[in-house]
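Colleague: Before I plan anything around this model, I would like to go through the terms used to describe it and hear what stands behind each of them.

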Amino acid sequence: REQSLAMRVYMPEAQAEPLLDGEKPKAVSGLPRGGVSRRACGCAVVVVAVTLCVGMLVPRRCCGPSLLGSPIPSVAEVKAAIAGFTECAVVVQTAYGTHDRLTARACEPFVPDLSVLGGNVIDVTGATPQHEILGFGGAFTESSALVWQALPPLLRQRFIDLYFSEEKGIGFTLGRVHINSCDFSVNSYSFDDVEEDYDLTFFDNEVAHDARTMIPLIRQAQLTATRKIRMLASPWSPPAWMKKNGKMDGSDAPLGLRDQCRNVWARYISKWVRAYESLGVPIWALTMQNEPENRAAWEACAWTPEGAAQWVREELGPVLRNDFPELKIFAFDHNKDHVLEWAEASFSDPPTSKYFDGIAFHWYSGDSFEQLRAIRERWPDKMLLPSEATYEKYRWPEGTELKHGSWSNGEGYAHDMLGDLKAGSVGWLDWNLLLDEKGGPNHLGNDCDAA
């Protein structure tokens, strides 16, 4: 996008195989039909994305020394390699059954397109753009912040560099943060625990709890990132006094919020956004509720699709449009198997739809890529945002060790990323950025992986 290149994506069902040790890659095609492309950047690149081989083609000068400064290329090194492209590409791959871990393979010349070319091909030779990719990222939970703060100073900066620097790492540009506590907090907390405080007189405008925990981590990431980090906020639960069950954990059904608290909860969220902004953390977007269908043992607040749409139309939407006109609002933020149902409730009614910029979703119910494609076809102006994915500890394969991780988990991440992006998603967000060796801390034992 930075070099005004258009993108066309071809991703057939057939999967390519990784290159085994000693095997040369097959010829790759990077030329447009009818001749060589010499556009503004003077290059054409083909990327082969596979399930067993997470790889990319990094251009370099044919048969000369590698332009990659280290065995693990950063975003900056890939850009430098692309800038020096002339005649060929090198395959960089990580593949099961080989010794390759982001290893640069042989330099291979580009050839004209072949009708028999197999595998998954990304053509960047000048076709019409399909949709914008905003970026990738993960969640700045309290657990992540506490684990990060416990690291020695050099490791704290190393962690930040690997995630957010384009010179030394992968250059994340998306982040997620919870409004009030979530399961990945040490304890439940909110910023106004005074019962029936409908004027929010006692709201903590300093958000002191987060100012000690997540905000230092977010600010350090902001200082390191080359580009602005778009922050997505999600509430798990209102303060206990706003809920029918009288506590932050769990939720009554079908709606967890007290009727008389519909407006004050919307104003509470707006005050939280203002407080974060005052501490140097502007919020790009928010979801109306994390996992509205999940009456979890931890922080939760149940909503129906129709009830959530009504609340956004009557309360949250007007409040946020008045206070923060540029703030994006995403519907749902739960599992993909019900994403189309929630899109219909949120987008079909024009007075409701005008407050929604898109729909967010999680991966825990399976692929459901066809539902994402249906949403993109019916409401092409609405963004699709994968907002959470992780492997809970109970899903770790038997024998998984911290020092080795699980190869199958990486395959699962790659599969979901590719499927979501192909269906029209604008990015992809992991869950916790960092956790301890047990998959926490978590105040209800809902331990997870942090990829």
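This is a predicted model: local features need pLDDT of at least 70, side-chain atom pairs count only at pLDDT 80 or more; totals for chains, interfaces and linings use all residues.

Colleague: Why is the pair of Lys168 and Asp161 called a salt bridge?

Modeller: The cut-off is 4 Å between a side-chain nitrogen of Lys or Arg and a carboxyl oxygen of Asp or Glu; the N to O distance for Lys168 and Asp161 is 3.8 Å, so the pair qualifies under that rule. By this rule the count comes to 14 salt bridges.

Colleague: How do you know whether Lys168 and Asp161 are buried or exposed?

Modeller: Exposed means over 50% relative accessible area and buried means under 20%. Lys168 has 51% and is therefore exposed, whereas Asp161, at 10%, counts as buried.

Colleague: Which parts of the chain does the pair of Glu388 and Arg176 link?

Modeller: The side chains of Glu388 and Arg176 meet in a salt bridge with an N to O distance of 2.7 Å. Glu388 belongs to strand β14 (residues 383-388) and Arg176 to strand β9 (residues 174-179), and the pair links distant parts of the chain, 212 residues apart. Both residues are buried.

Colleague: Why do you say that Asp349 and Arg313 tie parts of the chain together?

Modeller: Their side chains form a salt bridge at 3.8 Å, N to O. Asp349 lies in the loop between α8 (339-347) and α9 (350-353), while Arg313 lies in helix α7, so the pair ties together parts that are 36 residues apart in sequence. Asp349, at 31% relative accessible area, is partly exposed, and Arg313 is also counted as partly exposed, at 28%. Arg262, Arg313, Glu314 and Asp349 are linked in a network of salt bridges.

Colleague: What describes the packing of α6 and α7?

Modeller: Helix α6 (residues 262-278) and helix α7 (residues 305-323) pack at an angle of about 35°, with their axes 9 Å apart, and their crossing is right-handed. The residues of this contact divide into seven nonpolar, three polar and six charged; among them are Arg262 and Trp265 in α6, and Glu314 and Leu316 in α7.

Notes
Residues are numbered from 1 along each chain as its sequence is written. Side-chain values use heavy atoms; hydrogens and water are left out. Axes are lines fitted to C-alpha atoms, for helices over the stretch in contact, and angles run from 0 to 180 degrees between N-to-C directions. Helices (H or I, at least four residues) and strands (E, at least two) are DSSP runs, numbered from the N terminus. A crossing is left-handed if the near helix is turned anticlockwise from the far one by less than a right angle, and right-handed if clockwise. Contact means heavy atoms within 4.5 Å. Ala, Val, Leu, Ile, Met, Phe, Trp, Tyr, Cys and Pro count as nonpolar, Asp, Glu, Lys and Arg as charged, and the others, Gly among them, as polar. Buried means under 20% relative accessible area, exposed over 50%, partly exposed in between (1.4 Å probe, protein chains only).
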